[in-house]
Amino acid sequence: MLLHHVFGQSNGVKGAWGHAVGGMGAITQAMARAALAAGVEIRTGMGVAKVLVEQGMAVGVLTGSGEELRANAVVANVNPKLLYEQLCDPADVPVATRERMHNWRCGSGTFRMNVALSRLPDFRALPGPGDHLTAGIILAPSLDYMDRAYLDARQYGWSREPVVEMLIPSTLDDSLAPPGQHVASLFCQHVAPQLPEGRSWDDHREEVADLMVATVDKYAPGFADSVLGRQILSPLDLERTFGLIGGDIFHGALSLNQLFSARPMVGQANYRGAIPGLYLCGSGTHPGGGVTGAPGHNAAREILKDNGR
Ligand SMILES: Cc1cc2nc3c(=O)[nH]c(=O)nc-3n(C[C@H](O)[C@H](O)[C@H](O)COP(=O)(O)OP(=O)(O)OC[C@H]3O[C@@H](n4cnc5c(N)ncnc54)[C@H](O)[C@@H]3O)c2cc1C
């Protein structure tokens with residue numbers, strides 16, 4: 001019998017680009033190996049469409065392919081807004097939770113690119129190869145520049161002089177690209193989750209990607225010419241692909257009213273959701289986003305307690 005059904009684990013899809021953010025995929029793969037060794041069955045590539053509730057208890061999930069999985073505990077690792085507004089029947093969610101989720105702020109939209117490169121970038125500030133290419137490279141020349149980038153994004157939808165953080169994981173792991181070639185990730189800020197004046201990210205994805213590449217090119221001339229291929233994820237793509245509402249990688253803004261005992265809301269900060277049998281274990285719970293494992297660790301402790309262990 002399945003005891004716990006955990007959905008939204010960062011195991012499958014996330015792992016795929018986790019490799020490109022400096023080996024974060026290796027963490028989930030190590031966790032998966034440990035879970036498998038403990039007898040856990042992991043299924044990826046299938047979304048949860050709905051949390052099943054019977055007589056006021058969460059009793060399992062319905063997958064996108066229509067399969068029902070029943071369990072003693074349902075543990076959600078997705079943004080709480082996604083959980084309560086899209087994966088639960090509104091009638092099963094108490095009014096106070098619905099109201100909180102209506103006002104749950106998801107904000108730190110990011111624009112994400114992975115690029116394949118014919119050669120390493122050559123930065124004007126530090127020409128030639130070197131250890132600096134194995135580190136996080138942040139293109140944000142001054143505090144004023146960053147301030148402008150933020151304000152521009154608020155007004156315009158994206159900053160026309162953006163902050164770009166670049167990682168080149170193939171400098172550390174040569175299995176990621178053919179000899180002499182490289183892969184890099186570009187973590188681009190600032191961008192608005194929703195563009196002003198009803199504009200859609202679908203109509204601006206390529207234009208903003210060009211801007212990001214041109215921005216790197218300013219600091220590393222020849223970079224644009226070295227791009228062999230690119231994968232582009234706007235905030236809207238991050239939402240569609242990974243369930244990151246508004247492109248928010250932290251499943252909800254880390255603002256004071258959404259932290260500590262108020263994450264995701266007062267009464268649910270102990271990882272127990274609004275419906276008995278339903279638990280939350282992701283970034284939308286205390287202590288929030290980042291690859292800490294802390295929300296999952298804390299949630300597991302509470303679930304074990306409720307199961308008399
Ligand atoms: C480019 C980038 C760089 C980052 N760099 C760092 C860093 O250097 N250090 C750091 O600490 N953090 C970093 N972060 C943040 C970090 O990745 C997140 O905070 C962390 O992944 C959150 O983990 P999580 O398990 O709570 O949620 P997620 O990693 O968001 O996992 C949720 C999972 O749920 C899945 N899912 C969604 N809907 C469903 C559904 N209906 N059914 C089933 N599954 C579903 C998604 O596909 C996803 O795999 C970075 C994020 C990005 C995007």
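**Labels and cut-offs**

Student: Which residue of β11 is the bridge partner of Val74?

Tutor: Leu278 is the bridge partner of Val74 in β11. This is a predicted model: local features need pLDDT of at least 70, side-chain atom pairs count only at pLDDT 80 or more, and totals for chains, interfaces and linings use all residues. Residues are numbered from 1 along each chain as its sequence is written, and side-chain values use heavy atoms, with hydrogens and water left out.

Student: What makes β5 and β11 a pair?

Tutor: Two strands pair if DSSP finds at least two bridges between them. β5 (residues 73–76) and β11 (residues 278–280) share 3 bridges, so they pair. They run parallel. Strands are DSSP runs of E, at least two residues long; helices are runs of H or I, at least four long; both are numbered from the N terminus.

Student: How do the side chains of β5 point?

Tutor: Ala73 and Val75 point one way, Val74 and Ala76 the other way. In a regular strand the side chains alternate between the two faces of the sheet. In β5, all four are buried.

Student: Why is Pro235 called buried?

Tutor: Buried means under 20% relative accessible area, exposed over 50%, and partly exposed in between (1.4 Å probe, protein chains only). Pro235 has 1% relative accessibility, so it counts as buried. Pro235 lies in helix α8 (residues 235–242).

Student: Which residues does Pro235 touch?

Tutor: A contact is a pair of heavy atoms within 4.5 Å. Not counting residues up to four places away in sequence, Pro235 touches several residues, including Phe111, Val191, Pro193 and Trp201.

Student: What is the order of the 5 strands in the open sheet?

Tutor: The order is β7-β8-β9-β6-β10, with antiparallel pairing. The edge strands are β7 (137–139) and β10 (227–233), since each pairs on one side only. The twist averages 20° from one strand to the next. Axes are lines fitted to C-alpha atoms, for helices over the stretch in contact, and angles run from 0 to 180 degrees between N-to-C directions.

Student: Which strands does helix α6 lie across?

Tutor: Helix α6 (residues 205–219) lies across β6 (111–117), β7, β8, β9 and β10. It runs at about 65° to β8.

Student: What is the order of the open sheet of 3 strands?

Tutor: It is β2-β3-β4, with antiparallel pairing. β2 (48–54) and β4 (68–70) are the edge strands. Neighbouring strands are turned by 30° against each other on average, direction ignored.

Student: Over how many bridges do β2 and β3 pair?

Tutor: They pair over 6 bridges, in the antiparallel sense. Leu52 stands opposite Gly60 in β3. In the hairpin of these two strands, which has 2 residues between them, Gln55 takes a positive phi near 50°.

Student: Why are His251 and Tyr271 called buried?

Tutor: His251 is at 11% relative accessibility, so it counts as buried. Tyr271 is buried because its relative accessible area is 5%.

Student: Which peptide bonds are cis?

Tutor: Among them are the bond from Gln189 to His190, with omega near 0°, and the bond joining His286 and Pro287, with omega about 0°. His190 is in strand β9. Pro287 is in the loop between β11 and α9 (294–306).

Student: What are the bounds of the domains?

Tutor: Domain 1 covers 4–105 + 248–306, and domain 2 covers 111–246. These bounds come from an automatic or database domain assignment. The C-alpha centres of the two domains lie 29 Å apart.
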